Amino acid sequence: MLQNAYLKRVYEDTVRCNPGQPEFLQAVGEVFESLEPYVEMHPELETHGIVERLVEPDRMVTFRVTWEDDQGKVHVNRGFRVQFNSAIGPYKGGLRFHPSVNASIIKFLGFEQVFKNSLTSLPLGGGKGGSNFDPKGKSDNEIMRFCQSFMTELYRHIGSQMDVPAGDIGVGGREIGFLFGQYKRLRNQFTAGVLTGKSLRFGGSLARTEATGYGLLYFTQEMLRCLKSDSIEGKTIVVSGSGNVAIYAAQKAQQLGGKPIAMSDSAGYIIDRDGIKLDVVKQIKEVERGRIKEYAERVPGAEYHEGCRGIWTIPCDIALPCATQNELDLDSAKALVANGVQAVAEGANMPSTTEAINYFLDHNILFGPAKAANAGGVATSGLEMTQNSMRTNWTFEEVDQKLQGIMVNIFHQAEEAAAECNAPGNLVVGANVAGFKKVANAMLLEGLY
Ligand code: NDP
């Protein structure tokens, strides 16, 4: 419940102006709760209308995407791009292709992206886009035709100095390739910096594929080190999802001496108490685009269980939700705490419900919120843009080292901001305030727009 009159008024106006957008309102509500002490200390924010300017995107486009399947049947999907805030840099944020995509989900992701990008300390504004297109079960040619049609509208709204999309759920290297090819055809220009997550063959960055998952573990390691004098070494870890973020989170966890024992997809989860064999997961999910269920058929001793939430009932030291929004609810949080979890860090965007987060914080569980803990992906996208501008390629080690530095720095920014707001150790408050401060101060200096 908000106490600050200014934040309360803006929140009520936001609710009134955005009916039917629960995910967006959830994201705004969570940020506002964290901002209360900071806003109390800074009356100039209200005078300049900073908070109401932050919750209203600069613009949002929706468009029709018409494409033909392999049987010659025509389909129509809806495309979105929200350009939320460009106070500190060009709009930047991924594209999500998933049947659940709607205006609320795109706006929640775009809003979160503003603060996350600010935390990276790179000059990146916030945006997000996508479509309710379902890539599951589609042929490569169908994916290509969809991506070409999507870009045929999107190209007018993006640019290397304006708005730079990347991947997200359902959009990986294959889709970015098709999107980039169509952008180049339409503009007749090779502008590498217009998209990130590109193949290494045409301007991609080493370590971008690994970046979100690796970054999550660098953040978690620093959080354990500074707040508990502990480390990943020897910890049992549960990772939800088995996509880009989950796979490379599990990989880095293993490299740091941890033991991931469970992973999932939208149908169910696997447990392998001997430790997940990542080569098997990669073969199933990256190469064959199959189901996680097949892991239990290939690895003796591994179990498969239908349904997603059960993964949180597995006893573990560290939980890493890396699948999707609101996948970890209050009951899941209670089960994790009852089973002795020590730390939770979010690889996905808003995977924990507000009630789950509050439960973790009330029980003194170390909690790394998404906008800080998963910022490694967009940070490395920022490094990809830098390499594109410089027309150079850094080595894997160079990029990985910069990524580590960025994640450690994000942890310390959040920790310091939390302490300033009298909420020591509360990284939710810390990440929101630290991300907000930079954007708000830039807006104050840039004048009205
Ligand atoms: P992918 O599409 O590569 O993978 C998503 C994974 O989550 C798939 O394994 C999918 O299973 C699974 N999944 C979807 N819904 C559920 C569910 N309800 N329960 C369990 N598993 C589920 O996406 P990413 O790995 O790229 O993204 C995952 C999350 O991380 C998203 O929230 C995204 O916004 C966030 N993120 C991604 C970044 C990136 O760089 N890729 C950067 C920062 C955040 P299935 O195959 O069955 O669909």
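Let me start inside the protein. Ten residues line the largest cavity: Glu30, Glu112, Glu346, Met350, Ser352, Ile357, Phe367, Pro369, Ala370 and Lys371. This is a predicted model, so please hear everything that follows as computed. The largest cavity has a volume of about 60 Å³. By class, its lining comprises five nonpolar residues, one polar residue and four charged ones. Searching the whole structure for cavities of 30 Å³ or more turns up one.

A word on the chain as a whole. Its secondary structure comes to 17 helices and twelve strands. The C-alpha trace spans about 60 × 55 × 45 Å along its principal axes. A compact globule of 449 residues would have a radius of gyration near 22 Å, and the chain has 21 Å, so the two agree.

Now to helix H2, residues 22–41.

On the H1 side, the contact is made by Tyr6, Leu7, Val10, Tyr11, Thr14 and Val15. On the H2 side, they meet Phe24, Leu25, Val28, Gly29, Phe32, Leu35, Glu36 and Val39. Sorted by class, the residues of this contact are eleven nonpolar, two polar and one charged.

Next is H5, residues 103–119. Here the axes lie 6 Å apart, and the packing angle with H2 is about 25°. Angles under 35 degrees count as roughly parallel, so H2 is roughly parallel to H5. H2 contributes Pro22, Glu23, Phe24, Ala27, Val28 and Val31. H5 contributes Ser104, Ile105, Lys107, Phe108, Phe111, Glu112 and Phe115. That contact divides into nine nonpolar residues, one polar and three charged.

Then H17, residues 427–446. H2 and H17 pack with their axes 9 Å apart, at an angle of about 75°. Which way do H2 and H17 run relative to each other? They are roughly perpendicular, because an angle of 65 to 115 degrees counts as such. From H2 the contact takes Glu30, Val31, Ser34, Leu35 and Tyr38. From H17 it takes Val428, Val429, Asn432, Val433, Phe436, Lys437 and Asn441. The classes here are seven nonpolar, three polar and two charged.

Last, a pocket. The second largest pocket has a volume of about 450 Å³. Which residues lie nearest its centre? Of the 20 residues in the lining, those are Ala192, Gly193, Met385, Asn388 and Ser389. The lining of this pocket divides into seven nonpolar, twelve polar and one charged.

Definitions and conventions:
Residues numbered from 1 in each chain as written. Predicted model: local features only at pLDDT ≥ 70, side-chain atom pairs only at ≥ 80, totals over all residues. Heavy atoms only, no water. Axes fitted to C-alpha atoms, helices over the stretch in contact; angles between N-to-C directions. Helix = DSSP H or I, 4+ residues; strand = E, 2+ residues; numbered from the N terminus. Contact = heavy atoms within 4.5 Å. Nonpolar A, V, L, I, M, F, W, Y, C, P; charged D, E, K, R; others polar. 1 Å grid on protein atoms, 1.4 Å probe; cavity = no way out; pocket = protein on both sides within 12 Å on 5 of 7 lines; lining within 4 Å. Points joined across faces, edges and corners; volume = space filled by probe spheres on them. Parallel < 35°, antiparallel > 145°, perpendicular 65-115°, else oblique. Rg over C-alpha atoms; globule rule 2.2 N^0.38 Å.
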